[in-house]
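Please open the structure in your viewer and keep the selection tool at hand. The tour below moves from one selection to the next and says what is found at each stop.

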Amino acid sequence: MTAAGLLLFATLGLPLGMAAAAISPALRPRLLAALPLAPLPGLLAALIAPAGLQVIAPGPLRMVLALDTPGALLLGSAAMLWSLAGLYAANYMRQDRRAPRFAVWWLLTMTGSLGLFIVADLASFYLVFALASLSAYGLVSHEATPRARRAAAVYMALAILGEAFLLLGFVMLATDWAAGNPLIVDAVARLPDSPRAGVIVLLLILGFGLKMGLAPLHVWMPLAHPVAPMPASAALSGIIVKAGVVGLIRFLPLEPGLPGWGIALMTLGLGTAFYGVAVGITQQHPKTVLAYSTVSQMGFLAAVLGAGLEAGGGATAVLAAFYAVHHLLVKGALFLGVGVVAATGRRHLPWLLAVSAVLALSLAGLPFTSGALAKYAVKPLFGDGFTGAFASLAGAGSALLMLHFLRRLATAAHKDPATSVPLGLLLPWAVVALAAFIVPWALFSAVSGDPLAAPMGLAALWASVWPILIGAVLALVLAAYARVVPAIPEGDVIVLVERAAPLGKRLGDAAERLDGGIRQWGVAVAVLAALVLTLAGALAFAG
């Protein structure tokens, strides 16, 4: 096996082995300090592995690993953020008595998330997706407060729901293969001609869209981010949501296209983009505002994939991955920056806010930033008509939301004006912020095929500026009428469900009085019925 192939296996093996080392009482306390090392094989693989590399694990694993251009883009940027956020965590959580347990959940989540970018067979993809999705529960619930437990419970319920959608979709994809575990690329090649194509695509959008946070399945995100430790928030918003992105890139037939479904995904995505802004501007906590910003940005990215699915073409996957790299690094830096600002006195605040402002407005496409490059690269997918204009207006919404975020961030500084941020927090944040600017510039020409001068032409600059100007005007209006803006609770939709719970309880009590047996075994019967229906549906479609 080549050195590049060994790096692919080490991408999964090193963090998984480090997590297993927690069994040793002697090694367990040292895991936190070692977190920055765990993703380095993935970073090296993304940098040196040749395009199209494929390796097969010996039995009994039967796992196929491969690295293509979208996978390399996401693997490299995610490994970089995992490493730097791990360095941040090693300093941020040094005094936390539960830090070893946090480190184990961190390593397991990392193993799954990095694996998603390199596994090439159906069964292995489901395995690492489940590992990343379920292990993140430990990051959300770490603080063990009532809010953290509630957020973790909502997250886990929706994660399991997403797993169920994907399991059904994957079963249908695999039914035509005698071996039962096809390569993803082979299964997707047959998808457009499948008699169950519509059902499969729907299940895939539901499962991966839930992980991305597409409305109305987004509610776990604004609940989880405010309660998770700061480095975990950076990983959740920057990296974990990309599990849904890479899932749609891998499993949607983007090259041949699927008209109709592309319009549906584009509509869902743009609706989510504006919904995230509308609810986000009512929030007060900087991390919650960032969570709704991620909802909005993932909606825009879903619209990018929808536009590509509608038109067909081989460029969509790479362009979507490039936009995801931009968001991954910027959002990771912004979440780490909230912790940096919270540890900094007002005397040192202005320059931190200036850097944060550039990062935040890059999400709206600020000229010369990674956001301007990313939006320029994906703009041809939308065209110049109504859809293109609507997509551009999403940038105005992002500008409005990010200016609101900066106002909230300015109030989060340390109470002691002279307090200086510890170097252990400042350094990893600064490197991620720098990478958020440099990495997209380094990749732009190779990804888009355009020269670096293209996004700096007058037409391109104006296309970047006018949405930000509209957003700035709206931000002034929002500041002037802040008192009349409704206070929408974190989680919005889930709060409505919870408020309807008393009515549901009364209806449930009435049902219990009618049937004492169901009163005793209601949960077991419901679970059994769900399992039976799921299996029956899978068998029906398999037949």
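Begin by selecting Phe386, Phe390, Leu393, Ile470 and Leu474, which make a nonpolar surface patch of about 450 Å². Patches are made of residues with over 30% relative accessible area and no salt bridge, where like charges are joined within 9 Å and nonpolar side chains (Val, Leu, Ile, Met, Phe, Trp, Tyr) within 5 Å; a salt bridge is a side-chain nitrogen of Lys or Arg within 4 Å of a carboxyl oxygen of Asp or Glu, and accessible areas come from the Shrake-Rupley method with a 1.4 Å probe, with only the protein chains shown counting as cover for residues. Helix H18 (386-410) and helix H20 (458-480) are the elements that give two or more residues to the patch, and H18 supplies the largest share, 3 residues. Helices (H or I, at least four residues) and strands (E, at least two) are DSSP runs, numbered from the N terminus. Leucine 474 sits in helix H20 and is partly exposed, with a relative accessible area of 39%; buried means under 20% relative accessible area, exposed over 50%, and partly exposed in between (1.4 Å probe, protein chains only).

**The whole chain and its confidence**

This is a predicted model, in which local features need pLDDT of at least 70 and side-chain atom pairs count only at pLDDT 80 or more, while totals for chains, interfaces and linings use all residues. Residues are numbered from 1 along each chain as its sequence is written, and side-chain values use heavy atoms, with hydrogens and water left out.

Now colour the chain by pLDDT, the predictor's confidence in each residue, from 0 to 100: the average is 87, and 89% of the residues score at least 70. Confidence is highest in helix H4 (residues 69-92), at a mean of 96, and lowest in helix H23 (residues 516-542), at 37. Over residues 510-543 the pLDDT is below 50, and beyond near neighbours in sequence this stretch has 8 contacts in the model, a contact being heavy atoms within 4.5 Å. Where pLDDT is low, the predicted coordinates should not be read in detail.

With the whole chain in view, there are 23 helices and 2 strands, and 56% of the 543 residues are buried.

**Into the core**

Select Phe125, Phe251 and Phe405 next: they have the most contacts inside the largest nonpolar core, which has 180 residues. Such a core is a set of buried Ala, Val, Leu, Ile, Met, Phe, Trp, Tyr and Cys residues joined through side-chain atoms within 4.5 Å. Helix H15 (residues 316-342) gives the largest share of this core, 19 residues. Around phenylalanine 405, leaving aside neighbours within four places in sequence, look for contacts with Pro286, Val289, Leu290, Leu334, Val338 and Ala360.

Move on to valine 245 in helix H12 (residues 242-251), which is buried, with a relative accessible area of 0%. Not counting residues up to four places away in sequence, valine 245 touches Met212, Met298, Leu301, Leu305 and Ala324. The C-alpha atoms of valine 245 and methionine 212 are separated by 6.7 Å, although the two are 33 residues apart along the chain.

Aspartate 68 lies in the loop between strand E2 (64-67) and H4, and arginine 250 in helix H12, so the pair ties together parts 182 residues apart in sequence.

Arginine 98 and glutamate 143 also meet in a salt bridge, at 3.8 Å from N to O. This pair links the loop between H4 and helix H5 (99-115), which holds arginine 98, with the loop between helix H6 (122-140) and helix H7 (146-174), which holds glutamate 143, 45 residues apart.

**Backbone stops**

Alanine 144 is in the loop between H6 and H7, and has a positive phi of about 60° although it is not a glycine. Finish at proline 216, in the loop between helix H9 (197-212) and helix H10 (220-227), where the peptide bond from alanine 215 is cis, with omega near 5°.
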